[in-house]
Amino acid sequence: MYHIDIMTLFPDSVEAVLGDSIIGRARERGIINFRAWQPRDYTTNKQKQTDDYPYGGGRGCVMYAQPLADCRRAICEAAGRELHTIYLSPAGRTFTQQDAKRLAREHDRIILVCGHYEGVDERFIEAYVDEEISIGDFVLTGGELPALAVADAVFRLVPGVLPDEECVTDESHWDGALEYPQYTRPEIWEGRAVPEILLSGHHANIKKWRRKMSLLRTRDRRPDMFEKLTLDGEDIKLLEK
Ligand SMILES: C[S@@+](CC[C@H](N)C(=O)[O-])C[C@H]1O[C@@H](n2cnc3c(N)ncnc32)[C@H](O)[C@@H]1O
C-alpha cells in the first residue's frame, strides 16, 4: 500500500480532489491511502496562529517552523519511522514524470508539505525537508494544487491503481515523447472525420501511424524533448514519409 500524508492548512481540499474517481476507488480497494494533516492543530499559541511577519521586513507572512515540525513529527510517529519529506515550492526543482516514477519506486510512504502566504521558515526546510519540488515556473497562492498534482502523478503509477500497465506506459512523457492524438465515436463529428487508418483494423499500421504522430507532435511542440529522443531506423523512416 502506498501512503501519502499531506500537511495543509486546507485539509478539505485533499479529500475533495483525491477522494473521487480513480484515486478514490483505489483507496477503497486498499491499494493506496492518503491523509491530510492540519499544522494548525500543532500550534502552541492561544490564537492557533500559524504564521508571522518576515524578519527583515517586507509584505506577507511566513509560516512558523514549529507547528510544521511538530505536525511532521506526529506523522512520522504514526508511521513508526522517518518519512521522505517534500516541500512544494516555486523555488524547487521542476517536477517531471521521471520524479513521479522515482517517488513511486523508491518509497511507500511520503509527506507533502504545502506552504501558504510567503512560504515557510527556511529553518524547517533545512531541518526536515529532503527535497523541494515545483510544478512549474509560475506562482500559486498555496501548495495544495501542487501537492495534489504530485500525489495523483505518483498514485497512478502504483500497480493496480490503473486497469493495466499500458495505461501508464502509453502516455505522454513515459518514454520521452508526447502521445499521439486520440479519437472516439462518432466517426464524423461537426464535419471532421476520424483518420481512416484508425478504422482499418490493421494493428501494425495503426501502431506505426501512432508512433509517427507522437514523434511529429514532440518535434513540433517540444523540440527540447525531441532532441533527447533516441530514434531508431524505423522512426527515421516514419519521419521521412
Ligand atoms: C505565494 S507562494 C510563496 C512564493 C515564495 N514567496 C516565492 O517567491 O518563492 C505560497 C506557497 O504556494 C506553493 N506554491 C506556489 N507556487 C508553486 C509552484 N509553482 N510549485 C510548487 N508549489 C508552489 C508553495 O507551497 C508556497 O509556499
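Strands β5 (84-94) and β7 (131-134) each supply at least two residues of the shell around the ligand. Helices (H or I, at least four residues) and strands (E, at least two) are DSSP runs, numbered from the N terminus. β5 gives the largest share of the shell, four residues.

This is a predicted model, where local features need pLDDT of at least 70, side-chain atom pairs count only at pLDDT 80 or more, and totals for chains, interfaces and linings use all residues. Residues are numbered from 1 along each chain as its sequence is written, and side-chain values use heavy atoms, with hydrogens and water left out.

**The ligand**

The ligand is surrounded by 20 residues. A residue counts as near if one of its heavy atoms lies within 4 Å. The closest are Tyr 87, Leu 88, Gly 115, Glu 118 and Phe 138. By class, the shell has ten nonpolar, nine polar and one charged residues. Here Ala, Val, Leu, Ile, Met, Phe, Trp, Tyr, Cys and Pro count as nonpolar, Asp, Glu, Lys and Arg as charged, and the others, Gly among them, as polar.

| Residue | Distance to a ligand nitrogen atom |
|---|---|
| Glu 118 | 2.9 Å |
| Gly 136 | 3.1 Å |
| Leu 140 | 3.0 Å |

Taken alone, the ligand exposes 580 Å², and the protein buries 83% of that. Accessible areas come from the Shrake-Rupley method with a 1.4 Å probe.

**The cores**

The largest nonpolar core has 31 residues. Such a core is a set of buried Ala, Val, Leu, Ile, Met, Phe, Trp, Tyr and Cys residues joined through side-chain atoms within 4.5 Å. Buried means under 20% relative accessible area, exposed over 50%, and partly exposed in between (1.4 Å probe, protein chains only). Among the members that touch the most others are Tyr 2, Ile 4 and Phe 155. Helix α6 (144-155) is one of the elements that supply at least two residues. α6 gives the most to this core, seven residues.

Phe 155 is in contact (heavy atoms within 4.5 Å) with residues including Leu 18, Ile 32 and Val 161, leaving aside neighbours within four places in sequence. A second, separate core of 19 residues includes Leu 9, Trp 37, Ala 79 and Leu 83.

**Tyr 117**

Tyr 117 sits in the loop between β6 and α5 (122-128). Is Tyr 117 buried or partly exposed? Tyr 117 is partly exposed, because its relative accessible area is 40%. Not counting residues up to four places away in sequence, Tyr 117 touches Leu 9, Thr 50, Asp 51, Cys 61, Met 63 and Thr 141. The C-alpha atoms of Tyr 117 and Cys 61 are separated by 5.6 Å, though the two are 56 residues apart along the chain.

Notes
A polar contact is a pair of N or O atoms within 3.5 Å; within protein, one must be able to donate a hydrogen and the other to accept it, and residues adjacent in sequence count only if both atoms are side-chain atoms.
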